[in-house]
Amino acid sequence: MKSLLAYLNPVAHLGNKRYSITFPFVATVFTSVILETVVKIIIGADIFGLIVIVVSIFSVIYFSFRDGVRAGVISTIIIIFYYAYIILTTPGTLNQKIVQWQTTAVLGLIYLLMAVIIGGLKQKIDTLIVQEADERRRLISIVQQLPVGIVITNAEGFMLTYNKKLEEIIGSKVPNDHIAGKHDASIKGIYKNKVVSPSNSPLSHALQSGKPVVNKEFLIERKDGKKIFISVSASPIHNKNGKIVAGVSITSDITAQKELELRKDDFVNMASHELKTPLTSMKLYLDILMSKIKNHNDDNAIKTLNSIKYQTDRLTELVNDLLDVSRLQTGKLIFNKEEFRLDMLVEENVGELSGITRSQKIVIAKKTPIKIYADKYRIYQVITNLITNAIKYSPAHTDIIVKIVKNNEMAVVSIQDSGIGISKEQQKKIFDRLYQVSDPHEKTFPGLGMGLYISKEILSRHNGKIWVESEKGKGSTFYFSLPLDKRSGN
Ligand code: ADP
């Protein structure tokens, strides 16, 4: 019964491009026979004509809408033949006959027009529906093939689709009522160990802020007890008018990569520890050797030993930097904070570094007395790094200008050079771990790209900041800020 209704319901045939001509043919013939044999006898001749016209219009509309142009035309042809049969079998004057034939011709044309317009529209709608379905199928199969977990939601965060890879990554089935964002049932499955609540999920943020969220990392515990690292990016999808119509989130398993990073950090940590011990002994032996040689007044030997000492110091600095980077990575860098005068520390630092630069002049242009509460040794390290960079990356006989000022409850130190400068694009990256600007047209400088990363981390752990203003070829000014020490009445 249900399938008979579906067969007769023209709406159920939308999107179905198999157009029947047998059904409209048989059904119109059948309707004509019923009209002629049953209806005509029951109703009588008076309004029979009107009923025939109403039924004909209905048939043409119905068949065109159900089966397209051809069905509408076939129905029309049968109806015209039936009209002809009626005219030929009913008595009437010549004038009456002429009017009847003319009416039939006009009605026939109207029916044909209806068949073409309605049938044409129906076929167009079918094509669009089929295209849409193909498009959807293509999208779904692409989503299924992707090597990352995908969730697609509507603008409210209700799940529209997701792929098998997501279930593989999270190690459990995604529940049917899985919804992101405002609705709580949501991301629980994905962030099972409650690392992030649904309303804090990247997808929810992306949908609420209208901006993409890139590579948020989470540690999750799967149902099988395995802990994995995932990286989630999410983005809102806008329509032509900029309105959010959907959201997409991409989840990838980065456990292997994280484990490799951890192993690498462990290795760097171990290697730098191993290197430190022989270096310390070497320095000790060098000092003994130097004090012995001094008594022999051998200038050449002293010069050679000084060079060895310089290189050993550089090696020690590198090893210390490596150790710092690995301690930062593992959260093992410990700060011993105390109260001290930042301006005096900078002055001391400048005094010491002025000794090693013969060609540039380091000038303290502004010096405000400022007390801060921080790790003195680590802040000294930051200043040394910035001034040595200024020396390293600027030409001889130029000034390096240092300023210490107070600005909005912060102590700000600036170090300005007239050196090679840094392009806007590189400025974003120089504070990253192990990043060095490489320009084939520029002279290269020794270094491993650790100094600025270490400085940034030291400052951020003191609630401070580091930034740079620079123009390629015109020099750079590096700034860092630290909170004032409130207790000392700054
Ligand atoms: P490195 O050991 O290479 O100096 P840093 O982390 O201290 O490492 O600096 C990272 C990169 O930033 C450097 O390789 C250099 O290209 C750029 N840089 C740092 N300071 C300056 C500066 N004062 N002028 C121009 N470029 C600089």
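## The ligand and its surroundings

The shell around the ligand is made up of eleven nonpolar, eight polar and two charged residues. The structure described here is a predicted model. In total, 21 residues surround the ligand. The closest of these residues are Asn 389, Tyr 393, Asp 417, Gln 436 and Leu 452.

A backbone N or O atom of Leu 452 is 2.8 Å from a ligand oxygen atom, and a polar side-chain atom of Lys 392 is 3.1 Å from an oxygen atom of the ligand. On its own, the ligand has 530 Å² of accessible area, of which the protein covers 95%. Two or more residues of the shell are supplied by each of helix H10 (376-392), helix H12 (451-460) and strand S12 (475-483). Helix H10 contributes the most, with four residues.

Phe 30, Ile 34, Val 38, Ile 42, Ile 43, Ile 47, Leu 50 and Val 54 together make a nonpolar surface patch of about 760 Å². Helix H2 (22-43) and helix H3 (48-89) are the elements that each give two or more residues to this patch. The largest share, five residues, comes from H2.

Ile 42 is one of the residues of the patch, and its place is in helix H2. Is Ile 42 buried or exposed? Ile 42 has a relative accessible area of 67%, and it is therefore classed as exposed, since the class begins at over 50%.

## Salt bridges

The structure holds 19 salt bridges. One of them joins Lys 165 to Glu 168, with the closest N and O atoms 3.1 Å apart. Both residues lie in helix H5 (residues 164-170), three residues apart, which is about one turn of the helix. Lys 165 is partly exposed, at a relative accessible area of 26%.

Arg 327 forms a salt bridge with Asp 324, and their closest N and O atoms are 3.4 Å apart. These two residues both belong to helix H8 (residues 299-330), again three residues apart, or about one turn of the helix. Arg 327 is partly exposed, with a relative accessible area of 25%, whereas Asp 324 counts as buried at 4% relative accessibility. Arg 222 and Asp 224 also form a salt bridge, the closest N and O atoms being 2.9 Å apart. Arg 222 is buried, because its relative accessible area is 14% and the limit for that class is under 20%. Lys 283, Lys 309 and Asp 313 are linked in a network of salt bridges.

## Backbone angles and loops

Which residues have a positive phi although they are not glycines? Asn 215 has a positive phi of about 45° and lies in strand S3 (residues 213-221). His 397 has a positive phi of about 60°. His 397 is found in the loop between H10 and strand S9 (399-407), and it is exposed, with a relative accessible area of 72%.

Another loop, between helix H9 (342-356) and strand S7 (361-367), contains Ser 359. This serine, Ser 359, counts as partly exposed at 30% relative accessibility. Ser 359 and Pro 395 are 36 residues apart along the chain, and their C-alpha atoms are separated by 8.2 Å.

Notes
Residues are numbered from 1 along each chain as its sequence is written. This is a predicted model: local features need pLDDT of at least 70, side-chain atom pairs count only at pLDDT 80 or more; totals for chains, interfaces and linings use all residues. Side-chain values use heavy atoms; hydrogens and water are left out. A residue is near a molecule or strand if one of its heavy atoms lies within 4 Å of it. A polar contact is a pair of N or O atoms within 3.5 Å; within protein, one must be able to donate a hydrogen and the other to accept it, and residues adjacent in sequence count only if both atoms are side-chain atoms. Accessible areas come from the Shrake-Rupley method with a 1.4 Å probe; for residues, only the protein chains shown count as cover. Ala, Val, Leu, Ile, Met, Phe, Trp, Tyr, Cys and Pro count as nonpolar, Asp, Glu, Lys and Arg as charged, and the others, Gly among them, as polar. Patches are made of residues with over 30% relative accessible area and no salt bridge: like charges are joined within 9 Å, nonpolar side chains (Val, Leu, Ile, Met, Phe, Trp, Tyr) within 5 Å. A salt bridge is a side-chain nitrogen of Lys or Arg within 4 Å of a carboxyl oxygen of Asp or Glu. Buried means under 20% relative accessible area, exposed over 50%, partly exposed in between (1.4 Å probe, protein chains only).
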